[in-house]
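Welcome! Here is a short tour of a protein model, written for someone new to reading structures. Please take a look at the picture and then follow the notes below.

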Amino acid sequence: MSKQSGRGRVAGLPEWDRCAVMGVVNVTPDSFSDGGRFFDTTAAVKHGLELVAQGADLVDVGGESTRPGATRVDEAEELKRVVPVVRGLASEGVTVSVDTMRASVAERALAAGAALVNDVSGGLADPAMIPVVAGTGAPFVVMHWRGFLEGGNVKGVYDDVVTEVVDELHARVEAVLAGGVAPDRIVVDPGLGFSKDAEHDLVLLAHLDRLLALGHPLLVAASRKRFLGRVLAGPEGAPPPARERDAATAAVSALAAHAGAWAVRVHEVRATADAVRVARAVEEARAAENAPGVTTTRGVHDAHPAPGTNATRGAHDARPAPGATTASGARSSDYTPGAHAPSPAHPTDHTPGSEGAR
């Protein structure tokens, strides 16, 4: 995986020096999160531009709901919904992703200006998808998928959800590579909420490092999903509506960015755009602290000793080890609180010369 700030770069897409933000535009009447608010082409394009203004780096346009129990739309209807919106956003210079499981929709959307294909089935729903993506050279999101969710959360049984998702994604990536998609154009997605319970989603988020070990940039799509509702509700409460889960979504975005995700896919952009920028600022601070030859500010507080400490204590003096002799000649076993209390900035096993080491 080509490294870019530790999270990888996707060939054919712009480079970002932080976790990217993918805004969602659902051109559907039955989305679980926004209930058809942007079903009209004009409204959908306007909403996509608003997401960019709020901080989205790319916009994901979809014309078919993938919520549990949703009925599939036919090909003609999906094309009617998606292609004009993709064309409208691309004409405004927006980096557009098309969210589809149909090769024909992907092909038409790419021709209309889309730059990325985001297929929740990873090419399993339509055998023609991988040849189309390989033929166009488009980047491709490969999501963990166990089948259509008509009738509920199907095949959501795991002995070890992290190992099984990683293994199944690896197998799918190998199939996509064998189909001709270039390795530097593949993104992986753990498929949070797809054939997974809340506990599965949370465990996967706790082990994003295992997904990153697949060697491809990682997309995390947690926005407004059921597991966040369960977390916010507590053990006995009712989950809040999807649109009241945006703060929780931003929290996941910050965690995913900190873990090294390439992008997060969200409905409400502004809070997540702030979250990933803060995560990047922390990364930069850590990198600066660990840079060769850089001395950190540890020990600054030694100039202001805590009440009861010896104000004449040297900046790098440490509490004596057990059995050692202090400057006064006393054994460390004679230590009394307040006489030479260690600064909180220095652990008791401090050794000279370790300033700046992590």
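In which helix is Ser253 found? Ser253 is found in helix α9, residues 246-259. This is a predicted model, in which local features need pLDDT of at least 70 and side-chain atom pairs count only at pLDDT 80 or more, while totals for chains, interfaces and linings use all residues. Residues are numbered from 1 along each chain as its sequence is written, and side-chain values use heavy atoms, with hydrogens and water left out.

**The whole chain**

- The protein chain has 10 helices and eight strands; these are DSSP runs numbered from the N terminus (helices: H or I, at least four residues; strands: E, at least two).
- Of its 358 residues, 48% count as buried (buried means under 20% relative accessible area, exposed over 50%, partly exposed in between, with a 1.4 Å probe and protein chains only).
- Among contacts with a separation of 6 or more, 67% come from residues 24 or more positions apart (a contact means heavy atoms within 4.5 Å).
- The accessible surface comes to about 16300 Å², and 54% of this belongs to carbon and sulfur atoms (areas come from the Shrake-Rupley method with a 1.4 Å probe; for residues, only the protein chains shown count as cover).

**The sheet**

- Eight strands form an open sheet with parallel pairing, in the order β6-β5-β4-β3-β2-β1-β8-β7 (two strands pair if DSSP finds at least two bridges between them).
- β6 (186-189) and β7 (219-220) stand at the edges with a single partner strand each, so one side of each has no neighbour in the sheet.
- Strand β1 (residues 20-26) is joined to β2 by five bridges, and Met22 has Leu58 in β2 as its bridge partner.
- Strand β2 (residues 58-62) runs parallel to β3, with four bridges between them; here Val61 is partnered by Val98.

- Three bridges join β3 to β4 (residues 116-119); Ser97 stands opposite Leu116, and Asp99 has Asn118 as its bridge partner.
- Together with helix α3 (residues 103-111), β3 and β4 make a right-handed β-α-β unit (right-handed means that, with the strands pointing away from the viewer, the path from the first strand over the helix to the second runs clockwise).
- β4 also pairs in the parallel sense with β5 (residues 140-143) over three bridges, and Val117 stands opposite Phe140 in β5.
- From β4 the chain crosses through helix α4 (residues 129-136) to β5, in another crossover that is right-handed.

- Why does Ser253 count as buried? Ser253 counts as buried because its relative accessibility is 2%.
- Leaving aside neighbours within four places in sequence, Ser253 is in contact with Val264, Val266, Thr272 and Val276.
- Leu232, in helix α8 (residues 226-233), counts as partly exposed because its relative accessibility is 45%.
- Asp209 lies in helix α7 (residues 208-212) and, at 49% relative accessibility, counts as partly exposed.
- The C-alpha atoms of Asp209 and Ala259 are separated by 7.0 Å, although these residues are 50 residues apart along the chain.
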